[in-house]
Each structure stands twice: as C-alpha cells, then as structure tokens.
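Please read the following report alongside the sequence and the coordinates.

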Amino acid sequence: MAQQLGDESQQAGGEAEKACAGCQALRREVRELRELRDRALEDLARAREEVNTLRLLRAQQGEPRPTAPAEPEALPLRYVLVDQLNLQLKRRLGPLHVGTRRLIRLVKGGGDS
C-alpha cells in the first residue's frame, strides 16, 4: 500500500513537472506581453507629455486657443422644400406604389402574395 502511494506521488510529481514546464512557458509569455504593454504605455505617456508641453508653450506665447468648429449652417430652403414634398408624395402615393408592384408581379406570372 505504501509502495502504491509512493508510485502515485512520483507519477503526480512527473505530471506536475510537465505542467510546470508548460506553466513556465506561459509565465514567460505573459511577462513578455506585460513588458511590451508597459513600453507602449510609457511611449504614450511621453507623447502626451510632449503635447501638453507644446500646449503650455503656445499658451505662454499668447497664441489664442483653437476654437471649436462653428455649428453647421441650416440646410438651404430648397433642400427643406424638396424633402417635405418627397415625404408627402410617399405618404399619399405609397399604397398606390405597393399595389402597382403587386399588379405587375401578378401579370408577369409571379403569383399572388
């Protein structure tokens, strides 16, 4: 019985070593990815610092801050009128359009649906 327990623990140890080798590879890959991420974040932080420095220098030199773009102008009256006309035509002639399509389909022999 004690012999069996010893054998089982050796087998478990062998499996653990295999699992540990896989774990070590994964840990190494995770470490490399973290280092890559950290370098990218450092580069981003440096770029932000440069931008902020340039903004401060610009403000100190008395240059005006860039303004937000102006609101878009209203659409020309002709666009508004044509849109309203189109909307009214669709409302009034919509059923006629659907009926015409069904009639053409029936005449062509597509069946009735």
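How many disulfides does the structure hold? The structure holds zero disulfides, a disulfide being defined here as a pair of cysteine sulfur atoms within 2.5 Å. The sulfur of cysteine 20 has its closest cysteine sulfur in cysteine 23, at 5.7 Å, and is therefore too far away for a bond. Cysteine 23 is likewise in no disulfide, its nearest cysteine sulfur being that of cysteine 20. Cysteine 20 is partly exposed at a relative accessible area of 39%, and cysteine 23 is partly exposed at 31%, where buried means under 20% relative accessible area, exposed means over 50%, and partly exposed lies in between (1.4 Å probe, protein chains only).

This is a predicted model, in which local features need pLDDT of at least 70 and side-chain atom pairs count only at pLDDT 80 or more, while totals for chains, interfaces and linings use all residues. Residues are numbered from 1 along each chain as its sequence is written, and side-chain values use heavy atoms, with hydrogens and water left out.

**Helices and surface**

The protein chain contains two helices and zero strands, both taken as DSSP runs numbered from the N terminus (helices are H or I with at least four residues, strands are E with at least two). Helix 2, which covers residues 77-108, bends by about 55° at leucine 93, and proline 95 follows within four residues; the bend at a residue is the angle between axes fitted to the seven residues ending there and the seven starting there. Just after helix 2, glycine 109 adopts a positive phi of about 95°.

Of the 113 residues in the protein chain, 0% are buried. The accessible surface of the chain comes to about 11100 Å², with 58% of it belonging to carbon and sulfur atoms, as computed by the Shrake-Rupley method with a 1.4 Å probe. Leu75, Leu77, Tyr79, Val80 and Leu81 make a nonpolar surface patch of about 510 Å²; patches are made of residues with over 30% relative accessible area and no salt bridge, with like charges joined within 9 Å and nonpolar side chains (Val, Leu, Ile, Met, Phe, Trp, Tyr) within 5 Å.

**Salt bridges**

Side chains of opposite charge can pair when their charged atoms come close. A search of the whole structure finds three salt bridges, each requiring a side-chain nitrogen of Lys or Arg within 4 Å of a carboxyl oxygen of Asp or Glu.

| Aspartate 38 | Arginine 37 | 3.2 Å |

Glu42, Asp43 and Arg46 are linked in a network of salt bridges. Arginine 46 and glutamate 42 are four residues apart in helix 1, and so are separated by about one helical turn; aspartate 43 and arginine 46, three residues apart in helix 1, are also separated by about one helical turn. In the remaining pair, aspartate 38 is partly exposed with a relative accessible area of 34%, and arginine 37 is partly exposed with 48%.
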